[in-house]
Amino acid sequence: MTSKVNTITTKPTVSAHQESEVEGMALLKAVGNTPLLPLRRVTKNISPDVKVYAKAEWFNPGGSVKDRPAFNIIRSALYECRLLPGMRLLDSTSGNMGIAYATFGAALDINVTLAMPENASPERVSILRALGAEVVFTDPLEGSDGAILVARQMAKEQPDLYFYANQYDNPANWQAHYNSTGPEIVEQTQGAVTHFVAGLGTSGTLTGVSRYLREYNPEVEIVAAQPDAAFHGLEGLKHMPTAIQPAIYDPKIPDRIAEVTTEAAHEMVRKLARQEGYFVGISSGAAAVAALQLAAELESGVVVTAFPDAGYKYLSDDALWETR
Ligand code: PMP
């Protein structure tokens, strides 16, 4: 009897004060509701009855699509009392999720530790340093899977220190897109969206948006863009057949997979900058390649994709910006 009472009284709970601090955070209000931009000049060979749009995810305060899942993961961990005072948030990242965790972590006084491949762009490393995150560099040859294995090991060794956010397996990742990105796309196209195209990293964007769109209209077609090979330069994307499979990835979701080469994505990044004024990152180029390939096959339709981040983090990549 006594122990039962004790169990109940010692279970941690979230105070109304903590909850209102999280929900009232000014940065949170700036997440989502990103513009839906038309592709207008890179659309040669496409029927005039086919429209192609991209969600401009770099408008989020942390500069990428990953603000949506990062905030949702932190919120659910706080409310479920898995991220307790004094613990550090730990995850592996290719950069953007780490920047998002570090941004909201700073605002909510949560310390952040990130496992990240050592060859991440210097811009990412500098931004994380600026935001005060701790970075553990992992073997560049092992890519994002190497960072996952290091984060798992650290979480296992110090479970009381780390809350392991585990973006690859955490349903709060795709649910963020189900609750925000998906509804925004329906609203911004006035329900006319017929196709959705997204690059695959954790698959959170593709999974969450597709689940929402298919509930809205089961006819919506889904295309996943993925690198054409295990070794590639599409930062943020995964070659699923050879990578550790995220638990949140359901291979039945995409109607088809479009394989994109690093060179095609690079060329598209330059075109988007120079012909549309959209200064985006490499995975946006890959998403645009897949979206435009699909659009060229259609007679009519509304194709929507997501541009995960802007070009700033890739400025030191001289080969990407070569002048032609
Ligand atoms: N592009 C970039 C630049 C990213 O950082 C990520 C996230 N790793 C993605 C695309 C893929 O997004 P998701 O994890 O939702 O599949």
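Biologist: At what angle do helix α4 (residues 67–79) and α5 pack?

Modeller: Two packed helices are described by the angle between their axes and the distance between them. Here α4 and α5 pack at about 50°, axes 8 Å apart. Axes are lines fitted to C-alpha atoms, for helices over the stretch in contact; angles run from 0 to 180 degrees between N-to-C directions. Helices are DSSP runs (H or I, at least four residues), numbered from the N terminus. The model is predicted: local features need pLDDT of at least 70, side-chain atom pairs 80 or more, while totals for chains, interfaces and linings use all residues. Residues are numbered from 1 along each chain as its sequence is written, and side-chain values use heavy atoms, without hydrogens and water.

Biologist: Which word describes how α4 and α5 lie to each other?

Modeller: Angles under 35 degrees count as roughly parallel, over 145 as roughly antiparallel, 65 to 115 as roughly perpendicular, the rest as oblique. α4 and α5 are therefore oblique.

Biologist: How do α5 (residues 96–108) and α6 (residues 122–131) cross?

Modeller: Their axes come within 9 Å and cross at roughly 15°. α5 and α6 are therefore roughly parallel. Contact means heavy atoms within 4.5 Å. Ile99 and Ala102 of α5 are among the residues making it, as are Ile127 and Leu128 of α6.

Biologist: Which residues are closest to the ligand?

Modeller: A residue counts as near if a heavy atom lies within 4 Å. 17 residues surround the ligand; Lys66, Gly201, Thr202, Thr205 and Ser283 are the closest. A polar side-chain atom of Lys66 lies 2.7 Å from a ligand oxygen. A side-chain N or O atom of Ser283 is 2.6 Å from a ligand nitrogen.

Notes: Helices (H or I, at least four residues) and strands (E, at least two) are DSSP runs, numbered from the N terminus. A polar contact is a pair of N or O atoms within 3.5 Å; within protein, one must be able to donate a hydrogen and the other to accept it, and residues adjacent in sequence count only if both atoms are side-chain atoms.
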